[in-house]
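Subject: Structure handover

Hello,

Here is the structure we spoke about, with its sequence. My notes on it follow below.

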Amino acid sequence: METTLKTNIAVKEICEGFVYNELEGKGLFGLSGTLTIQPEYQRNYIYASDGGKREIAVIDSILKGYPIGLIYFNKVNDKNFEVLDGQQRITSIGRFVTDKFAIKDENGMQYFGTMAEDKKAKILETKLLIYECEGTESQIKEWFKTINIAGVPLKPQELLNAIYSGPFVTLAKEEFSNSQNANTQKWSAYITGAVNRQDFLERALDWVSKGDIDNYMSRHRKDTSITELKNYFNSVIDWVSSVFIDVESEMRGLEWGRMYEEYHKNAYDPKKVSEEVHKLYSDPYVKNRKGVFEFILGGSTDTKLLNIRVFDEATKKSVYAKQIEVAKKKNKSNCSHCTIGHDSNKEKIWGFSDMDADHVTAWSKGGATNIKNCEMLCKTHNRAKGNR
Ligand SMILES: [Zn+2]
C-alpha cells in the first residue's frame with residue numbers, strides 16, 4: 001500500500017458540497033463530490049450521540065488550534081477518494097459548517113452561520129493532515145482491520161462489516177442497523193445495545209450462524225438476499241414473544257437463539273407460562289430473575305438457573321450447634337445421612353467447614369430458606385441430594 005501525506009487540504013475544500021443524510025445518519029460527500037465520506041463498509045455517524053459531546057469537541061479543538069489527528073483517504077481512482085479513517089471527524093465538521101448543531105462560546109450558543117467572521121475563517125482555513133492511500137482492496141481492508149480510532153474503538157461487528165462489505169452487508173444493515181425500522185422497538189425487548197452500533201445485526205447473525213458470525217458472513221458475502229437471516233431472526237423473536245406473553249426487562253440480552261434451538265419444539269401453554277413467570281418473580285428466594293425463562297422452558301427443574309437464596313451463616317451455625325448436641329448424646333454422626341449408612345462415618349462428627357446447608361423440603365416443592373427448613377449435611381451427602 002502506498003501512502004502520500006497531504007498537508008494543504010483545508011476544511012473549506014473538504015466541506016465543499018458536503019451532504020449529510022439525516023435518515024441514514026451518514027455524512028455522504030465532500031471535496032466537491034469527489035470524496036465519499038462514509039463508504040458502505042463504514043459505521044454510521046455516532047459523534048452526535050451522547051448529547052453531541054464528541055462532535056462539539058472536534059469543533060472546539062479546531063477553534064483552539066489543537067490537532068484533530070490523522071485522516072486517511074483511500075484513492076479510488078485519479079479523481080475520487082473515500083474516507084478510510086476520519087469520517088466521524090469530517091462529518092462533525094461538515095455538520096457544523098452546514099448549521100446542523102451549535103457550540104457554546106462567550107456569546108452563548110452559536111451556529112456556524114451566526115459566528116464571528118474571524119472564527120468562521122479560522123475553521124474554514126484549518127488544514128487537515130491527510131494520508132492518501134493507494135492499494136488493493138485486501139491491503140486496505142487488512143490495514144483497516146488493524147486501526148483503532150481513538151476514543152471510539154470499532155466494535156467487532158463494525159469490523160466484520162468492513163471486512164465482508166458487499167451486497168449482503170448492505171441489505172443486512174438496511175434491516176438490522178436502521179433506527180428508522182419500526183420493528184427495532186419490538187426487538188429491543190429481547191436484545192440489548194444500540195441499533196447504530198450494529199448490536200442488533202450482530203445478534204441476528206449470531207443466531208442464524210449458531211455463533212459463527214465470521215464464517216457465515218464470509219459464505220454469504222456476495223448474496224443479494226438476506227431472506228435466511230431475516231426468517232431465522234423473526235422465527236426466534238416470534239417464538240419468544242408467543243411463549244412469553246409478558247415482556248420483562250430481564251429478558252433483554254438473553255441467549256434467545258440458543259434457547260430457540262433447544263426448546264422451540266416443545267409445546268407450552270402461554271397462559272400457564274405467564275402464571276409461572278409471575279410466581280417466580282414474586283418469590284423472594286429467586287435471586288436470578290434472568291434464569292426464570294430458561295428454568296420454565298426446561299420444565300422447571302434446574303433450580304441452579306434461579307440462584308435460590310442460600311442460608312445465611314448465623315442460621316447454619318445455629319443448626320450445626322444443635323445437631324452436634326444431639327449427635328454427641330446419641331453417639332452418632334452429626335450428618336443424618338451418615339448415621340443411616342454402614343461405613344465408618346456412622347459416628348463421625350464433621351467439622352462446620354465439612355458440611356453444607358440443605359433444604360429439608362426442597363425449595364422447588366415449596367420449602368422455605370429459613371432455620372426451620374435447614375439441615376446441615378456432610379458435603380458428600382449434600383451434593384448427592386442435588387435438588388436443593
Ligand atoms: Zn453424610
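The zinc ion has four protein donors: Cys 335, Cys 338 and Cys 378, each through SG, and His 381 through ND1. They lie 2.0 to 2.3 Å from the zinc ion. Please keep in mind that this is a predicted model.

The angles that the four donor atoms subtend around the zinc ion are 98 to 117°, which makes the arrangement tetrahedral. Along the sequence, the donor residues follow the spacing C-x2-C-x39-C-x2-H. Cys 335 sits in the loop between α15 (313-330) and α16 (336-340), while Cys 378 is in strand β11 (residues 374-378), so this pair ties together parts that are 43 residues apart in sequence. Both Cys 335 and Cys 378 are buried.

The other notes concern helix packing. Two packed helices are described by the angle between their axes and the distance between the axes.

Helix α9 (residues 199-208) packs against helix α10 (residues 213-220) at about 90°, and their axes are 9 Å apart. That angle makes α9 roughly perpendicular to α10. From α9, the contact uses Glu 202, Leu 205, Asp 206 and Val 208; from α10, it uses Ile 213, Tyr 216 and Met 217. Of these residues, five are nonpolar, two are charged and none is polar.

Helix α9 also meets helix α11 (residues 227-243), with axes that come within 9 Å and cross at roughly 90°. The helices α9 and α11 are therefore roughly perpendicular to each other. Here Ala 204, Leu 205, Trp 207 and Val 208 of α9 face residues of α11 including Tyr 232, Phe 233 and Ile 237. The contact of α9 with α11 has nine nonpolar residues, one charged and no polar.

Regards

Conventions:
Residues are numbered from 1 along each chain as its sequence is written. This is a predicted model: local features need pLDDT of at least 70, side-chain atom pairs count only at pLDDT 80 or more; totals for chains, interfaces and linings use all residues. Side-chain values use heavy atoms; hydrogens and water are left out. Axes are lines fitted to C-alpha atoms, for helices over the stretch in contact, and angles run from 0 to 180 degrees between N-to-C directions. Helices (H or I, at least four residues) and strands (E, at least two) are DSSP runs, numbered from the N terminus. Angles under 35 degrees count as roughly parallel, over 145 as roughly antiparallel, 65 to 115 as roughly perpendicular and the rest as oblique. Contact means heavy atoms within 4.5 Å. Ala, Val, Leu, Ile, Met, Phe, Trp, Tyr, Cys and Pro count as nonpolar, Asp, Glu, Lys and Arg as charged, and the others, Gly among them, as polar. Donors are N, O and S atoms within 2.8 Å of the metal (3.2 Å for Na, K and Ca); water is not among the atoms, so sites may look incomplete. Four donors count as tetrahedral if all angles lie between 85 and 135 degrees; four count as square planar and six as octahedral if opposite donors are over 155 degrees apart and all others between 65 and 115; anything else is irregular. Buried means under 20% relative accessible area, exposed over 50%, partly exposed in between (1.4 Å probe, protein chains only).
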